[in-house]
Amino acid sequence: MLIQQKTKTFFLASFFLSATFFSQAHNVSKGYEKPTDPLVVKNLEDWQDLKFGLFMHWGTYSQWGVVESWSLCPEDESWTQRKSEHGKTYNEYVKNYENLQTTFNPTQFNPQKWADATKKAGMKYVVFTTKHHDGFAMFDTRESDYKITSPKTPFSRNPKADIAKEIFNTFRKDGFKIGAYFSKPDWHSNDYWWSYFPPKDRNVNYDPKKYPERWENFKTFTFNQLNELTSNYGKIDILWLDGGWVRPFNTIDPHVEWQRTIKVEQDIDMDKIGNMARKNQPGIIIVDRTVPGRWENYITPEQAVPEQPLSIPWESCITMGDSFSYVPNDHYKSSQKIIETLIKIISRGGNYLMNIAPGPNGDYDAVVYERLKEISGWMEKNQSAVFATRSVAPYHEGDFYYTKSKDGKMLNIFHIQEKSDYSSPSDLNFTIPENFKPKSIKILGISSKIKWKQQGNRIDVQVPDERKQLKYATVIQIIQ
């Protein structure tokens, strides 16, 4: 209870860096319920070892280079304005948006190219958007014709037409854990946004209590699609459920602005869904974002990094560019910024899920591969300080960030500067945890023997001239 209260206080006090830019951004739910299923506990522990994952938002919307799905939602016009060339009226815009299915043909789609580049960069799991809020399925569902494998979609004639299957099989073969992103709301479904009423906001546009049969149809549709994903696509390690406004009314947090817009009951029966998923995929991690309870196995800060370490499993999902979806000429973060963000996240006990958006041709921008190659060079030398580590006090002091091996025998200290070009100082002086007794010290990526001395719980390390070859950060590894 104390852990939950501390977590609650922190997230209510400060959570989003991006709230003014991303109206769909999620606040983290207040409570956390630790899983009791031994297979889930084991999977969650293994997942916390991975540290660095690949997120991919991709759909027909990449052809317009617009924000994924959200331009269909009337409430969010302020930050995802519709372009007049895509439709002069709302109805015309929706019709043209849905007609993007008839021109979507990403012929350069090659998931092996992605797996090769991201694996070298240290990414160890992938979460792919099998269906976003717009309802377009990037998998071969039997429940809808609004899908990548429909004859209406040109790419359906490609041997790799079932995009989700191709991505999952390719990345799984290369040792990645597999995550399926799925949107609980479906704005294409006539059982969610019923055509009898106009949509007002992101929520269901009718009262499910007044029209229970229609809501039951939507629940069955959602259950069936998730059954397909967890039955027909090989081993799935993570079911990443988005659209937290689809939730039992009694779980709404009135302190969270977007949750106050939920005016009707949208209980989708997560017990039925979760139990089915666990039957199909024993030990699967389920992330029912922002809905506290047994089906939110880890929490998911979006476009933000918590300021303090958390004692519960968490993952920051952050874009490599400015947008989750493909935007022409997007501004991609530097490799140094990405590595600094990774260091901050792992020092606080989290995972970094970095989003890269494929374009309409089926590939990443060229600059993405440049970034991944640069990260690969750093990761090759420093991976032992990153993976299978946990947070350790003092966590963060000045320019120093800390991780430890799970057995506690190895301490890693990262030095960063947050400048455009990192330059390692000739002398580094930092605190070590109480009762930690150093026996040997090395700087990763440097072959020379390191001179160091200890005074109390402080260590002074002289960094040799080889430091000039260190990029992005200096990583000191201490064995006790």
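The second largest cavity is lined by Met-320, Gly-321, Ser-323, Ser-325, Tyr-326, Val-327, Asp-330, Tyr-332, Asn-355, Ile-356 and Ala-357. A cavity here is a set of points, on a 1 Å grid over the protein atoms alone, where a 1.4 Å probe fits but cannot get out, and lining residues have an atom within 4 Å of a point. The volume of this second largest cavity is about 50 Å³, a volume being the space filled by probe spheres set on the points, with grid points joined across faces, edges and corners. Its lining comprises six nonpolar, four polar and one charged residues; Ala, Val, Leu, Ile, Met, Phe, Trp, Tyr, Cys and Pro count as nonpolar, Asp, Glu, Lys and Arg as charged, and the others, Gly among them, as polar. Across the whole structure, a search finds three cavities of 30 Å³ or more.

The model is predicted: local features need pLDDT of at least 70, side-chain atom pairs count only at pLDDT 80 or more, and totals for chains, interfaces and linings use all residues. Residues are numbered from 1 along each chain as its sequence is written, and side-chain values use heavy atoms, with hydrogens and water left out. The average pLDDT (the predictor's confidence in each residue, from 0 to 100) is 92 for the chain, and 94% of the residues score at least 70. Over residues 1-25, however, pLDDT stays under 50. Where pLDDT is low, the predicted coordinates should not be read in detail.

The loop between α1 (2-13) and α2 (38-50) holds Glu-33 and also Pro-35; helices are DSSP runs of H or I, at least four residues, numbered from the N terminus. Glu-33 counts as partly exposed because its relative accessibility is 43%, whereas Pro-35 is buried, at 15%. Buried means under 20% relative accessible area, exposed over 50%, and partly exposed in between (1.4 Å probe, protein chains only). Glu-33 lies 9.4 Å from Ile-312, C-alpha to C-alpha, although 279 residues separate them in sequence. Beyond four places in sequence, Pro-35 touches Val-40, Val-41, Leu-44 and Asn-297, contact meaning heavy atoms within 4.5 Å.

The largest nonpolar core has 121 residues, of which Phe-52, Trp-240 and Trp-378 touch the most other members. Such a core is a set of buried Ala, Val, Leu, Ile, Met, Phe, Trp, Tyr and Cys residues joined through side-chain atoms within 4.5 Å.

Notes
Helix = DSSP H or I, 4+ residues; strand = E, 2+ residues; numbered from the N terminus. 1 Å grid on protein atoms, 1.4 Å probe; cavity = no way out; pocket = protein on both sides within 12 Å on 5 of 7 lines; lining within 4 Å.
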